[in-house]
Structures are given as C-alpha cells and as structure tokens.
Amino acid sequence: IHTGEASSTRRWAVERRLAHIRTLLHDPIKRELGNKYNHYFHHAHFAHHGGLPGSTARMLLWLAVLSKAIIAGAVSPGIVASMFNFLE
C-alpha cells in the first residue's frame, strides 16, 4: 500500500486462487471503472486463466496499478471495502 510522499509499504500474505481473485476483485473493479478501466490498466494486464508463467508478475503490476487508481479516487469506497474484506 502506497500512502503518498512520506510513503510506507505494508505487506501481508493471503492465499487466494486466481479464479477467486478474478471473480471477486478484478471483475468488480473492471465493471465499476467501465471505459476508464483501460485508462488505468492499459499496461497492467490481469493474469491469464490457468496460472501460466508470468502470472505473479502480472498480478503484482495489476495490484500496484489498482493501488494508484484507489488513491486517485477512481474506485468507490464500497468496492475498496469489499476488496479489503476479500483480502482480509
């Protein structure tokens, strides 16, 4: 989580299947952003179905861009709350 100029990074580990992350995190974000989705994620593609090689790198980049979209206010507080609930 990036918190501005005096930034700090927080890390936590939680086990989730890629299919669940796609359904419960990616898809709601994509639906909410609509046409704006490509504005934020045009260089950060979500991981391919099946967990192919490179999935971790894609997820890390996608989550970093998601963080920036949240900070920019593009994602509603309700979706952010659901995301944190999903990620525990």
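## Briefing

Helix α1 is followed by Gly34, whose phi is positive, near 55°; helices (H or I, at least four residues) and strands (E, at least two) are DSSP runs, numbered from the N terminus. This is a predicted model, in which local features need pLDDT of at least 70 and side-chain atom pairs count only at pLDDT 80 or more, while totals for chains, interfaces and linings use all residues. Residues are numbered from 1 along each chain as its sequence is written, and side-chain values use heavy atoms, with hydrogens and water left out.

**Overall layout and confidence**

- The mean pLDDT of the protein chain is 85, and 84% of its residues reach 70 or more, where pLDDT is the predictor's confidence in each residue, from 0 to 100.
- Confidence is lowest in helix α4 (residues 77-87), at a mean of 89, and highest in α2, at 95.
- Where pLDDT is low, the predicted coordinates should not be read in detail.
- Of the 88 residues of the protein chain, 27% count as buried; buried means under 20% relative accessible area, exposed over 50%, and partly exposed in between (1.4 Å probe, protein chains only).
- Among contacts between residues at least 6 apart in sequence, 60% join residues at least 24 apart, contact meaning heavy atoms within 4.5 Å.

**Helix α1**

- A kink of about 35° lies at His26 in α1, shortly before the proline Pro28; the bend at a residue is the angle between axes fitted to the seven residues ending there and the seven starting there.
- The buried residues of α1 are Ile21, Arg22, Leu25, His26, Pro28, Ile29 and Leu33, and what covers them includes α2, α3 and α4.
- Glu32 also lies in helix α1 and, at 33% relative accessibility, counts as partly exposed.
- Although Glu32 and Val75 are 43 residues apart in sequence, they are 7.3 Å apart in space, C-alpha to C-alpha.
- Leaving aside neighbours within four places in sequence, Glu32 is in contact with Ala74, Val75, Ser76 and Ile79.

**Nonpolar core**

- The largest nonpolar core has 20 residues, and those with the most contacts inside it are Leu25, Ile29, Phe41, Trp62, Leu66 and Val75; such a core is a set of buried Ala, Val, Leu, Ile, Met, Phe, Trp, Tyr and Cys residues joined through side-chain atoms within 4.5 Å.
- The elements that give two or more residues to this core are α1 (18-33), α2, α3 and α4.
- Beyond its neighbours within four places in sequence, Ile29 is in contact with Phe41, Trp62, Leu66, Val75 and Ile79.

**Aromatic residues**

- The structure holds three aromatic pairs; rings of Phe, Tyr and Trp (its six-membered ring) pair if their centres lie within 6.5 Å, and planes under 30 degrees apart count as stacked, over 60 as edge-to-face and the rest as tilted.
- One of these pairs is formed by Tyr37 and Phe41, which are stacked at 4.5 Å centre to centre with 15° between the planes.
- Tyr37 and Phe41 both lie in helix α2 (residues 37-41), four residues apart, about one turn of the helix, and both are buried.
- The rings of Phe41 and Trp62 have centres 5.1 Å apart and planes at 25°, so this pair is stacked.
- Phe41 is buried at 2% relative accessibility, and Trp62 is buried with a relative accessible area of 0%.
- Tyr37, Phe41, Phe46 and Trp62 form one aromatic cluster.
- The charged end of Lys30 sits over the ring of Tyr37, 5.3 Å from its centre, where the criterion is NZ of Lys or CZ of Arg within 6 Å of the ring centre and within 35 degrees of the ring normal.

- Tyr40 is found in helix α2 and is partly exposed, with a relative accessible area of 23%.
- Tyr40 and Ala69 are 29 residues apart in sequence and 6.7 Å apart in space, C-alpha to C-alpha.
- Ser55, found in helix α3, counts as buried at 12% relative accessibility.
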